[in-house]
Amino acid sequence: MAKQTPTLMDQIVSLCKRRGFIYQASEIYGGMGNTYDYGPLGVELLRRVKDAWWGAMVTERADVVGLDSAIIQNPKTWETSGHVGGFSDPMVDCKKCKGRFRADKLQDARCLEKPSKIPGECDGELTEPREFNMMFKTNVGPVEDTGSVAYLRPETAQGIFLNFKNVLDSARIKPPFGIAQIGKSFRNEITPGNFVFRTREFEQAEMEYFVPPAEDQQWFDHWVEARHQWYIDFGVNPDKLRLREHDPKELAHYAKATTDIEYHYPFGWGELEGIANRTDFDLSRHSEASGTDLLYFDPQTKEKYTPYVIEPAGGINRMALTFMIDAYEEQQLEKDTRVVLHFHPEIAPITAAVFPLVKKDGMPEKAQAVAAMLRKARFATFYDEKAAIGRRYRRQDEVGTPFCVTIDGDTMETDVVTVRHRDSMEQEKVKISELVGYLYEAKTNWTRP
Ligand code: GAP
């Protein structure tokens, strides 16, 4: 039988497992559908993505503050937000294989018994579509009855709305202002996930930006532009990004307008992040249901109003996957092929790898000292003394380390190291005393190859 060439997604999945980015969850028990664990490099990648998001959305801005709200909130939250009644997908069941599939995504699904067929095109008969709520239910307290039902949050946004007044009263801030949050959300996703693109638990990065109602369009445009630019600033190929406005029929129940930032994945265009104009929907509903006044009083105009909300909402795991797919290249060199991840240095899990050229003549000790200096300067640093130097470079290329620092015979005499750049493979001599400043500059001045 002819051997099939692995697709780009196959290569990424294999690299993720081989190098410790992402593993199938519960693998030794046969796995768990649409659920993954992040290994040593994966967790660093997620952390970089979160830092890059938080830096741009909170640290660099005077008008946005952070929050970390509870995953399990009072269930009235989800009744009021419309999630209990409306957060559902139309599902069909196959009477033969007993599979359950999204009625609107049958093309993406596969029959459980005949994976070459889509459900309904095999011998199985499908039921009429029924609404299936995607929230995970749980019980709080010692008794499992209807009174103890609670939900794992399906979005982080509601925790922000519930704290609107707390933040307004405590943070000396006024519209236009934002509250940002990164945290886990949970959805009982049924459709196949395309690796970590769609999973049952995932981290969201959401910011609710509260504005005077008359300024909603200007801020909506601002955030669509800013979020699109953020991906480009962190190295994503602009030709693989596009903006797509939602058709009125596909708008979520709370939204007046939504624009998705889409990426051209190996499996087609897909949503990377959405920017929605949620109007005053959430604050008004929570105000009415809780009896708590969630208005803003403007002391200058003496006006009271419910702010409108512009929401950029992305998924950290989906962002990480996108950075990885976008950075991946198999480069044909004269003698071999090298796999390289051209991560932006701020996104790369490891910033610098330090190698002694050989395991003798004091080079390992010197290299360890250089590695310790870089760690102290807060560079994610990896030390490696095993295998030939060329092979060590390749191992770092494959995980996207932008700089490799080699300690050789010259270093022992002159305190000068060789810095090898991942993208160009060019090498430069740098004094150890200037290495930290050199790497800071190289990180800051990096451009997409
Ligand atoms: N608060 C609005 C909201 O939750 P959403 O479009 O449902 O909007 C926002 O989710 C982002 O969260 C998506 O653009 C995507 O990046 C990420 N996301 C949503 N569902 C996901 C899933 N099942 N797995 C991974 N990421 C997901």
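Entry 1, backbone. I located Phe195 in the loop between strand 9 and strand 10; helices (H or I, at least four residues) and strands (E, at least two) are DSSP runs, numbered from the N terminus. Phe195 is not a glycine, yet its phi is positive, at about 60°. The model is a predicted one, in which local features need pLDDT of at least 70 and side-chain atom pairs pLDDT 80 or more, while totals for chains, interfaces and linings use all residues. Residues are numbered from 1 along each chain as its sequence is written, and side-chain values use heavy atoms, with hydrogens and water left out.

I then turned to Pro176, in the loop between helix 6 (164-170) and strand 9 (177-186). The peptide bond from Pro175 to Pro176 is cis, with omega near 0°.

Which residues come nearest to the ligand? Of the 21 around it, I noted Glu155, Arg187, Glu189, Glu206 and Glu271; a residue counts if one of its heavy atoms lies within 4 Å. By class, I recorded 10 charged, 6 nonpolar and 5 polar residues in this shell. Here Asp, Glu, Lys and Arg are charged; Ala, Val, Leu, Ile, Met, Phe, Trp, Tyr, Cys and Pro are nonpolar; the others, Gly among them, are polar.

Strand 10 (201-211), strand 13 (268-279) and strand 16 (308-315) each supply at least two shell residues, and strand 13 gives the most, with 5.

I next listed polar contacts (pairs of N or O atoms within 3.5 Å). A polar side-chain atom of Glu155 is 2.6 Å from a ligand nitrogen. Arg187 places a polar side-chain atom 2.8 Å from a ligand oxygen, and a polar backbone atom of Gly315 lies 2.9 Å from an oxygen atom of the ligand. The protein buries 91% of the 560 Å² that the ligand exposes when taken alone, by the Shrake-Rupley method with a 1.4 Å probe.

The lining has 24 residues, and Asp51, Ala52, Glu60, Phe234 and Glu346 lie nearest the centre. Pockets are open sets of points on a 1 Å grid where a 1.4 Å probe fits, with protein on both sides within 12 Å along at least five of seven lines; lining residues have an atom within 4 Å of a point. Helix 2 (40-59), helix 7 (216-233) and helix 13 (435-444) each supply at least two lining residues. I recorded the lining as 12 nonpolar, 3 polar and 9 charged.

Notes
Polar contact = N/O pair within 3.5 Å; in protein donor to acceptor, adjacent residues only side chain to side chain.
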